[in-house]
Amino acid sequence: MTEQEFWNLIYKKAESEFNKGLIRSTYPSHIAEPMCNAIDSKDKAELLDRLHKEWLEYQKRQSDIIQAYLKMIGK
């Protein structure tokens with residue numbers, strides 16, 4: 001994760017919290033809570049997707065290293 005990506009996550013979290021505060025102050029609780037839960041669920045899904053992509057990239061790099069090593073030793 002780059003520094004810019006890190007800051008983007010912080011800004012996104014702040015934006016989500018601001019939006020949830022706005023929703024809670026605008027709508028009655030029986031409407032606001034499901035809306036806020038949807039925002040939280042979306043944020044969690046995006047984070048999980050990001051972690052999955054990073055894991056796949058890590059696995060690819062490891063595979064490339066192993067393949068390069070095997071090629072170097074002649075196997």
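This is a short tour of a predicted model, stop by stop.

**Stop 1: Ser16**

Select Ser16. Ser16 sits in helix α1, which covers residues 3-26. Is Ser16 buried or exposed? Its relative accessible area is 5%. Buried means under 20%, so Ser16 is buried.

Now show what surrounds this residue. Leave aside the neighbours within four places in sequence. Which residues is Ser16 then in contact with? They are Ile39 and Asp43. Keep Asp43 in mind, as it returns at the pocket stop.

**Stop 2: the aromatic rings**

Stay with helix α1, residues 3-26. Select Phe6, Trp7 and Tyr11. These residues form one aromatic cluster. How many aromatic pairs does a search of the whole structure find? The search finds three.

Zoom in on Phe6 and Trp7. The centres of their rings are 5.7 Å apart. Their planes meet at 70°. An angle over 60 degrees counts as edge-to-face, so that is the name for this pair. A pair of aromatic rings is described by two things: the distance of the centres and the angle of the planes.

Next, colour the two residues by accessibility. Phe6 has a relative accessibility of 41%. For Trp7 the value is 37%.

**Stop 3: the largest pocket**

Rolling a probe the size of a water molecule over the atoms shows where empty space is left. Turn to the largest pocket. Its volume is about 290 Å³.

Which residues line the largest pocket? Select Leu9, Lys12, Lys13, Asp40, Asp43, Lys44, Glu46, Leu47 and Arg50. Asp43 is the residue in contact with Ser16 from the opening stop.

Colour the lining by element. Helices α1 and α2 each give two or more residues to it. The largest share comes from α2, with six residues.

Now colour the lining by residue type. How many of its residues are charged? Seven are charged, two are nonpolar and none is polar.

**Stop 4: His52**

Select His52. This residue belongs to helix α2, residues 29-73.

Finish with a distance. How far apart are His52 and Asp64 in space? The line spans 18 Å. In sequence, His52 and Asp64 are twelve residues apart.

Conventions:
Residues are numbered from 1 along each chain as its sequence is written. This is a predicted model: local features need pLDDT of at least 70, side-chain atom pairs count only at pLDDT 80 or more; totals for chains, interfaces and linings use all residues. Side-chain values use heavy atoms; hydrogens and water are left out. Helices (H or I, at least four residues) and strands (E, at least two) are DSSP runs, numbered from the N terminus. Buried means under 20% relative accessible area, exposed over 50%, partly exposed in between (1.4 Å probe, protein chains only). Contact means heavy atoms within 4.5 Å. Rings of Phe, Tyr and Trp (its six-membered ring) pair if their centres lie within 6.5 Å; planes under 30 degrees apart count as stacked, over 60 as edge-to-face and the rest as tilted. On a 1 Å grid over the protein atoms alone, a cavity is a set of points where a 1.4 Å probe fits but cannot get out, and a pocket is an open set with protein on both sides within 12 Å along at least five of seven lines; lining residues have an atom within 4 Å of a point. Grid points are joined across faces, edges and corners, and a volume is the space filled by probe spheres set on the points. Ala, Val, Leu, Ile, Met, Phe, Trp, Tyr, Cys and Pro count as nonpolar, Asp, Glu, Lys and Arg as charged, and the others, Gly among them, as polar.
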